[in-house]
Amino acid sequence: MTTKKDTTGTNLADNAPAGLTVTDAEAEKARHEGALDAVKDAAKDARISLTDGAQPGDPAVDRWPGSDESQQYAYMLEDAPDAFDKRVNGKDSPVTDVMAAGLLKLERAGQNRTPYVKTLLKRLGLKGSEIGEVTSAGPAYTNDMSLISGL
């Protein structure tokens, strides 16, 4: 059994269970494996703090994967607000949740009009304060489209 002390001053033989002998080579190997584990944990923590928190191989954190490919549906945002609401929230609406999330990203990054944003949030079942779950685009407000006068 070894009586060698490690760099912290702990007698390695005192840490071994009774009746177990620890050689210098085994102690060195255990120290090496512990150091490797510490480096892996530090790298993982650093990656999490520098990114969105997802590790390689983790499932996607996006609730609406594929919503970034919604440019082809941008023409829907040219409808009048009432027609757009009917198209998005209608009984036989062809708009899926993924399409609605993509359209919300486009609207927030573009004209950011209040009735369109409200319609899309309604379609996704979100409140205004939850818009960050879909996109971080756009300012903290939306552009009011209500008429000021009857002209």
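Student: Why does Asp-79 count as buried?
Tutor: Asp-79 has a relative accessibility of 19%. Buried means under 20% relative accessible area, exposed over 50%, and partly exposed in between (1.4 Å probe, protein chains only). Asp-79 therefore counts as buried. The model is predicted: local features need pLDDT of at least 70 and side-chain atom pairs 80 or more, while totals for chains, interfaces and linings use all residues. Residues are numbered from 1 along each chain as its sequence is written, and side-chain values use heavy atoms, with hydrogens and water left out.

Student: How confident is the predictor in the protein, on average?
Tutor: The mean pLDDT (the predictor's confidence in each residue, from 0 to 100) is 80, and 80% of the residues score at least 70. In the protein, helix H1 (residues 24-50) has the lowest confidence, with a mean of 86, and H2 the highest, at 91. Helices here are DSSP runs (H or I, at least four residues), numbered from the N terminus.

Student: What makes Asp-79 and Arg-87 a salt bridge?
Tutor: A salt bridge needs a side-chain nitrogen of Lys or Arg within 4 Å of a carboxyl oxygen of Asp or Glu. For Asp-79 and Arg-87 the closest N and O atoms are 2.9 Å apart, so the pair meets the rule. Arg-87, at 28% relative accessibility, counts as partly exposed.

Student: How many salt bridges are there by this rule?
Tutor: Four. One of them joins Asp-97 and Arg-123, at 2.5 Å from N to O. That pair links distant parts of the chain, since Asp-97 is in helix H3 and Arg-123 in helix H4, 26 residues apart. Asp-97 is partly exposed at 36%, and Arg-123 is partly exposed at 24%.

Student: How do you know that the span of helix H3 agrees with its number of residues?
Tutor: The expected span is 1.5 Å times one less than the number of residues. For the 13 residues of H3 (residues 97-109) this gives 18 Å, and the end C-alpha atoms are 18 Å apart, so the two agree.

Student: What do the buried residues of H3 pack against?
Tutor: They pack against helix H2 (81-89) and helix H4 (114-124). Among the buried residues of H3 are Met-99, Leu-103, Leu-104 and Glu-107.

Student: Why is Arg-113 called buried?
Tutor: Its relative accessibility is 12%, so Arg-113 counts as buried. Arg-113 lies in the loop between H3 and H4. Neighbours within four places in sequence aside, Arg-113 is in contact (heavy atoms within 4.5 Å) with Leu-77, Glu-107, Thr-142, Asn-143 and Met-145. With Glu-107, Arg-113 also forms a salt bridge of 2.9 Å, N to O.

Student: What does the charged end of Arg-113 sit over?
Tutor: The ring of Tyr-116, 3.9 Å from its centre. The rule asks for NZ of Lys or CZ of Arg within 6 Å of the ring centre and within 35 degrees of the ring normal.

Student: How many aromatic pairs does the structure hold?
Tutor: One. The rings of Phe-84 and Tyr-116 have centres 5.0 Å apart and planes at 45°, so the pair is tilted. Rings of Phe, Tyr and Trp (its six-membered ring) pair with centres within 6.5 Å; planes under 30 degrees apart are stacked, over 60 edge-to-face, and the rest tilted.

Student: Which helices does that pair tie together?
Tutor: Phe-84 lies in helix H2 and Tyr-116 in helix H4, so the pair ties together parts 32 residues apart in sequence. Phe-84 is buried at 0% relative accessible area, and Tyr-116 is buried at 2%.

Definitions and conventions
Helix = DSSP H or I, 4+ residues; strand = E, 2+ residues; numbered from the N terminus.
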